[in-house]
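The sequence and coordinates come before the discussion.

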Amino acid sequence: MKNPGQNPGMLYRMTQQFKEAQLLFAGIELDIFSHLSAEASAVAVAGQTGYDARNLALFLNSLVAVGLLKKNGECFQNTPVAEVFLNRHSSFYLGEYLVFWNEMTSLHRVAERVRLGPDVGIQQHNQGGRVYNFRELARLSATEIYTGRVQSFLQAIRDIFSPASALRLLDLGGGSGMMAIECAAHFPQASGVIFEHPLVADIPEQFVKERGLAGRLAVWHGDFTTDDIGTGYDLIIASGILDFASADLPGMANRIAEALQPHGYLYLVSHQVGEDFLTPKESIVNWLSSHLDGLNLLQSRQSIDAALAAAGLTKMSQQAQAGVISGLVGELYHFA
Ligand SMILES: C[S@@+](CC[C@H](N)C(=O)[O-])C[C@H]1O[C@@H](n2cnc3c(N)ncnc32)[C@H](O)[C@@H]1O
C-alpha cells in the first residue's frame with residue numbers, strides 16, 4: 001500500500017475556512033444578526049424577513065456550528081462577538097466594513113491575473129488611489145478604528161504629552177481623521193491639521209464638523225508627497241500611509257522630520273513587513289490583489305526604519321495595535 005507521507009489536513013482546513021467566510025458574508029448580506037439580539041426561532045425570523053423557513057433553519061444551524069450564533073431549544077441568538085460587531089444596531093457594527101475590505105483585497109480572478117499580468121497603466125503610475133477606493137475606506141474606517149486602533153494610539157501619546165498640553169498635530173493621510181479627532185477631544189488645548197487627498201478630504205471634514213472641532217482641526221486637501229504639509233508640529237501621525245509614499249520613502253521621511261518641531265514625535269503605524277516580503281501573512285495576502293493589478297508599494301520594516309533613522313528620527317517604543325486589523329504595530333519616534 002502506498003503512503004502519502006504527508007498529512008493533507010492543512011488543505012482541508014483552508015477549504016473549510018473559505019466556507020466559514022462565505023457563511024459570515026451571507027449572514028451579513030441577509031442581516032441575520034440584526035434579528036437575533038434576543039432569542040428567536042427560525043420560523044419567527046422567517047416571518048420578519050420573508051426568507052424560506054426551512055432553509056433559514058439550516059443556515060442558522062450552520063452559524064451556530066461556526067460560533068456566530070448560539071442555540072437554546074428551537075431558538076437562536078447572537079454570540080457576544082456577533083452581537084457587538086454584526087448587529088446593524090450596534091455602534092460597533094462592522095458588517096459594511098468587512099464586506100468592503102473583503103472586496104478591496106479580494107483574490108477574485110487571481111489565477112487569470114497571474115496568467116495575464118498587471119495593468120500597464122496602474123503599473124506606470126503606481127498610485128494607491130488608482131486601485132483603492134480611499135474615500136469609502138475613510139468613511140467605513142470611522143467605525144473600524146474604534147475597535148482598538150484609536151485606543152492604542154491614545155495610550156501611546158498619553159505617555160508623552162500632559163493632558164493640558166497645547167500640542168500641534170498633523171494627521172498625514174488621516175482617512176476618517178479619527179486619530180486627530182480623538183487627540184483633540186482628549187487634549188483640550190490641542191490643535192492641528194488633517195491632511196488628505198482631495199478625493200477623500202470631505203469625509204474627515206464632515207467628522208470634524210460633527211464633533212464640533214472645526215475651530216481646532218483644519219482639513220488640508222493635497223498630495224502629501226508634493227504639497228506643503230506645514231511645519232512646527234509636536235506630533236505627526238503617519239498611520240498606514242508610508243507605503244503610499246514609496247516612490248521616494250527617504251524624501252517622505254525628510255518631509256516629516258522637517259515638519260516636526262525639534263523634540264517632536266512621530267506616531268507611525270505599519271505592517272512590519274519582512275525584508276523578504278513573506279511576512280506577516282495577513283499583509284502579504286491582503287496586498288496581493290493590488291500588486292497583481294500593477295501596484296508595487298509595500299515597504300519593508302527595514303527600509304522604513306532606515307529612512308526614518310537617516311532623517312534623524314529615533315525609535316522610542318513600539319506596541320501592537322489593538323482592533324479588527326491584525327498585525328499592525330504602532331511606533332513612537334522622537335526627533336532629536
Ligand atoms: C490606508 S489609509 C490610512 C488612513 C488613516 N491614516 C488610518 O489609519 O485609518 C491611507 C490614506 O492615505 C491617503 N493617501 C494616500 N496617498 C496620498 C497622497 N499622495 N496624498 C494625500 N493622501 C494620500 C489615502 O487617501 C488614505 O486615506
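## Overall make-up

The secondary structure of the protein chain comes to 14 helices and 10 strands. The model is a predicted one, and the mean pLDDT of the protein chain is 97, with 100% of its residues reaching 70 or more. For the complex, the predictor gives an ipTM of 0.99 together with a pTM of 0.96.

Along its principal axes, the C-alpha trace of the protein chain spans about 65 × 55 × 35 Å. The protein chain has 336 residues, of which 32% count as buried. When contacts with a separation of 6 or more are considered, 70% of them are made by residues 24 or more positions apart.

## Nonpolar cores

In soluble globular proteins, nonpolar side chains tend to be buried together. The largest nonpolar core in this model has 62 residues, and those with the most contacts inside it are Ile236 and Leu266. Leaving aside residues up to four places away in sequence, Leu266 touches Ile236, Ala238, Ile256, Leu260, Leu313 and Tyr333. Apart from this core lies another, of 15 residues, which includes Leu36, Ala42, Leu60 and Leu69.

## Surroundings of the ligand

The ligand is surrounded by 19 residues, and the closest of them are Phe134, Gly173, Gly175, Ser239 and Gly240. By class, the shell around the ligand is made of seven nonpolar, 10 polar and two charged residues. Helix H8 supplies the largest share of this shell, namely three residues.

## The loop between H7 and H8

Two positions can be described in this loop. Gly129 is placed between helix H7 (120-125) and helix H8 (134-144), and Gly129 counts as partly exposed because it has 14 C-beta neighbours inside 10 Å. Not counting residues up to four places away in sequence, Gly129 touches Phe134, His197 and Leu199; Phe134 is also one of the residues closest to the ligand. The C-alpha atoms of Gly129 and Val200 are separated by 9.9 Å, although these residues are 71 residues apart along the chain.

Asn126 lies in the loop between H7 and H8 as well. Its phi is near 50 degrees, a positive value in a residue other than glycine. Asn126 has 15 C-beta neighbours inside 10 Å and therefore counts as partly exposed.

## Other backbone features

Most residues other than glycine have a negative phi, and most peptide bonds are trans. His263, which is not a glycine, has a positive phi of about 70 degrees. His263 lies in strand S8, and His263 is exposed because there are 9 other C-beta atoms within 10 Å.

A cis peptide bond joins Thr279 and Pro280, with omega about -10 degrees. Pro280 lies in the loop between strand S8 (260-270) and helix H13 (281-293).

Asn286 lies in helix H13. How is Asn286 classed, as buried, partly exposed or exposed? With 19 C-beta neighbours inside 10 Å, Asn286 counts as partly exposed, because the cut-off for a buried residue is 20 or more. Between the C-alpha atoms of Asn286 and Leu107, which are 179 residues apart along the chain, the separation is 8.7 Å.

Pro118 lies in the loop between helix H6 (110-116) and H7. Pro118 has 16 other C-beta atoms within 10 Å, so Pro118 is partly exposed. The C-alpha atoms of Pro118 and His291 are separated by 7.9 Å, while the two residues are 173 residues apart along the chain. Not counting residues up to four places away in sequence, Pro118 touches Gln123, Leu292, Asp293 and Gly294.

Methods
Residues numbered from 1 in each chain as written. Predicted model: local features only at pLDDT ≥ 70, side-chain atom pairs only at ≥ 80, totals over all residues. Core = buried A, V, L, I, M, F, W, Y, C linked by C-beta atoms within 7 Å. Buried ≥ 20, exposed ≤ 12 C-beta atoms within 10 Å, placed from the backbone. Contact = placed C-beta atoms within 7 Å. Helix = DSSP H or I, 4+ residues; strand = E, 2+ residues; numbered from the N terminus. Near = placed C-beta within 6 Å. Nonpolar A, V, L, I, M, F, W, Y, C, P; charged D, E, K, R; others polar. pLDDT = per-residue confidence, 0-100.
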